[in-house]
Amino acid sequence: MKNYLGLLLTLIILLSLNTLATQYTVCSGACDFNNITTGLENVSGTNNTLVIMESGSYTISNITNFIINDSANMGGIYINEEDIAIDFGDMNLTGTGTGYGIYVDNDNITIANCNIGNYSIGIYHENSADSYLINNTISSNNWGIRLSSTNNTIIKNNVISNTAVTALQLINTAINNTFWNNQITSSTLDIDSSGIGTSNTILNSSFDETSLNFDASAKLYVKWFFNVRLNDTTSNNVVGATINISNITSDLIYSLITDGSGLTSTQEISEYVVDTTGYSYQSNFEFYAYNNSNYVNNSINITDSTTVSLTFDLE
């Protein structure tokens, strides 16, 4: 009986050791691998973590499916140095329902063109700043993107879908981050801003504005792009006219000039600010256009990116 118990104990220990996560490193020096593609090919299908240790730009050289089980919450890919840009070349990074797809705890990091699915958290930025998440598809995770104590980061042209808990989470003083031209679909909660998460901006993005959660002093600014086209009743472009735009409280927010095509430059405009007290709408906006001989004004509700058309009546 003792021999059987000893064999069983030995087997359990060996199985436990085999499931422990190991960190494998990537750099040009004394690391396990000297390029990220080779590292992923060796780590794929394991319970290990690939750690990017050296600043620089990395490109995945072929489109491949990689499965990394991050049961230890260290990240399937862990970016452990500042000033790193990775173009994943539209590769698929897939987990087994736990851990983080990509974990970042440094500054000036770019993650681009990666399809991340089946993790607890798709992309997790912690104690990070001045970074970029661009053109990623993040699907079928519990949380899509989590920013914790992360500032001045741009999240652009991403699709986040089928998240079991929250698509975008901003926690622990996540400040001055911009969520730009993204799409959130089929998520239990679209945006969660918990803790002191002030001045975060949602710009030209598609999401359910009723699927939000806020606490403490968190604020979210929802903005769109706009410009103005000014012509007259004979369909001529009006050049060099002044266009003043005021918000719902009559505060002047822009004074623009039309160019040779009768267009103004493109600007951002805030539809509303939302926090624990509710929604504070800035619209309708008053557009007042004039030159030496004509003027026109119009009240416009902006709820999407748009070109506002105004016309001088010459009759």
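Me: In which strand is Asp90 found?
Reply: Asp90 is found in strand S6. Strands are DSSP runs of E with at least two residues, helices are runs of H or I with at least four, and both are numbered from the N terminus. A word on the source: this is a predicted model, where local features need pLDDT of at least 70, side-chain atom pairs count only at pLDDT 80 or more, and totals for chains, interfaces and linings use all residues. Residues are numbered from 1 along each chain as its sequence is written, and side-chain values use heavy atoms, with hydrogens and water left out.

Me: What phi does Asp90 have?
Reply: Most residues other than glycine have a negative phi, and most peptide bonds are trans. Asp90 is not a glycine, yet its phi is positive, about 70 degrees. Asp90 is partly exposed, at 41% relative accessibility. The classes are set with a 1.4 Å probe and protein chains only: buried is under 20% relative accessible area, exposed is over 50%, partly exposed is in between.

Me: Where is Asn157, and what is its place between strands?
Reply: Asn157 sits in the loop between strand S13 (154–156) and strand S14 (159–161). Asn157 also has a positive phi, about 60 degrees, although it is not a glycine. Its relative accessibility of 27% makes Asn157 partly exposed.

Me: Which peptide bond is cis?
Reply: The bond from Ser283 to Asn284 is cis, with omega near 10 degrees. Asn284 belongs to the loop between strand S25 (278–281) and S26.

Me: In what order do the nine strands of the open sheet stand?
Reply: Strands of a sheet pair through backbone hydrogen bonds, either parallel or antiparallel. Two strands count as paired if DSSP finds at least two bridges between them. Here the order is S1-S2-S5-S7-S9-S12-S15-S18-S20, and the pairing is parallel. Strand S1 (23–26) and S20 are the edges; each has a single partner strand, so one side of each lacks a neighbour in the sheet. From one strand to the next, the twist averages 15 degrees. Such angles are taken between N-to-C directions of lines fitted to C-alpha atoms (for helices, over the stretch in contact) and run from 0 to 180 degrees.

Me: How many bridges join strand S5 to strand S7?
Reply: Three bridges join strand S5 (residues 77–79) to strand S7 (residues 100–104), and the two run parallel. Ile77 has Ile102 in S7 as its bridge partner. Now follow the chain past S5. Glu82 lies in the loop between S5 and strand S6 (84–94). At 34% relative accessibility, Glu82 is partly exposed. Its C-alpha atom is 8.5 Å from that of Asp105, which is 23 residues away along the chain.

Me: Which order does the open sheet of four strands have?
Reply: The order is S23-S22-S26-S27, and the pairing is antiparallel. Strand S23 (252–257) and strand S27 (295–300) are the edge strands, each pairing on one side only. Neighbouring strands of this sheet are turned by 15 degrees against each other on average, direction ignored.

Me: Over how many bridges do S22 and S23 pair?
Reply: Strand S22 (residues 242–246) pairs with S23 over five bridges, in the antiparallel sense. Ile245 is opposite Tyr254 in S23, and Asn244 is opposite Ser255 in S23. The hairpin of S22 and S23 has five residues between the strands; among them, Ser250 takes a positive phi near 70 degrees.

Me: Which side chains meet in a salt bridge?
Reply: Side chains of opposite charge can pair when their charged atoms come close. The rule asks for a side-chain nitrogen of Lys or Arg within 4 Å of a carboxyl oxygen of Asp or Glu. By this rule the count is one salt bridge. Asp275 and Lys219 form it, at 2.8 Å from N to O. The pair links distant parts of the chain, 56 residues apart: Asp275 is in strand S24 (residues 267–275), and Lys219 is in the loop between strand S20 (212–214) and strand S21 (220–232). Asp275 is buried at 15% relative accessibility, whereas Lys219 is partly exposed at 30%.

Me: Is Asn141 buried or exposed?
Reply: Asn141 is buried, at 1% relative accessibility. Asn141 lies in the loop between strand S11 (137–139) and strand S12 (143–148). Its side chain reaches the backbone nitrogen of Asn118 at 3.1 Å.

Technical notes
Polar contact = N/O pair within 3.5 Å; in protein donor to acceptor, adjacent residues only side chain to side chain.
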